[in-house]
Amino acid sequence: MMDDRFPFLNEKLNFPQFEFRLQEEQDGKLSIFDSLRKKYLILTPEEWVRQHIIQVLIQKYEYPRSLFVLEKGLKYNRLQKRFDVLVHDRNGLPFLLIECKAPEVKLTQKTVEQVCIYNKTIQAPYLGISNGKQHIFLKFEELANNFIQISDLPKI
């Protein structure tokens, strides 16, 4: 069925099971319903991870849907970049910035640096990066003036 043509759907991700609305488009591509943007998006391996992260943040951490910003552009050193997931705190300030990678992408120092570069503009106190199998979360420590790895995310 669909799993044969979209093998990333068979990959075991390090997330709870969620029910997603998928539909096959006329051109043979697969789409997933994004409950925050209220529309279907082309389902790529990275989007599959992003949709899981969104559900974890909403269901496990109880982050309000109204505090999310998804796939928005930003400028860094005159370069146009695009972040994956930003959650604001209840005062409207950046709280958590997450970069999503496809499951086959290894999380390395370079991928962590990518989210840190985006954060130079955004200034969120928490960062995350996930390929669906591995998740890295960081917290800004003001005294040390750098990020340290943490095992879990805080509630808002």
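Mentor: Buried means under 20% relative accessible area, exposed over 50%, and partly exposed in between, with a 1.4 Å probe and protein chains only. This is a predicted model, in which local features need pLDDT of at least 70 and side-chain atom pairs count only at pLDDT 80 or more, while totals for chains, interfaces and linings use all residues. Residues are numbered from 1 along each chain as its sequence is written, and side-chain values use heavy atoms, with hydrogens and water left out.

A salt bridge here is a side-chain nitrogen of Lys or Arg within 4 Å of a carboxyl oxygen of Asp or Glu, and by this rule there are ten salt bridges. One of them joins the side chains of R37 and E47 at 3.7 Å, N to O. Because R37 lies in the loop between β2 (30-34) and β3 (39-42) while E47 belongs to helix α2 (residues 45-59), this pair ties together parts ten residues apart in sequence; helices (H or I, at least four residues) and strands (E, at least two) are DSSP runs, numbered from the N terminus. E47 is buried at 3% relative accessible area, whereas R37 is partly exposed at 26%.

Within helix α2, R50 and E46 are four residues apart, about one turn of the helix, and their closest N and O atoms lie 3.4 Å apart in a salt bridge. R50 also forms a salt bridge with E71, at 3.1 Å between the closest N and O atoms, and this pair links distant parts of the chain, since E71 sits in the loop between β4 (68-70) and β5 (73-76), 21 residues from R50. R50 is buried at 2%, while E71 is partly exposed at 24%. Finally, D34, R37, E46, E47, R50, E71 and D84 are linked in a network of salt bridges.
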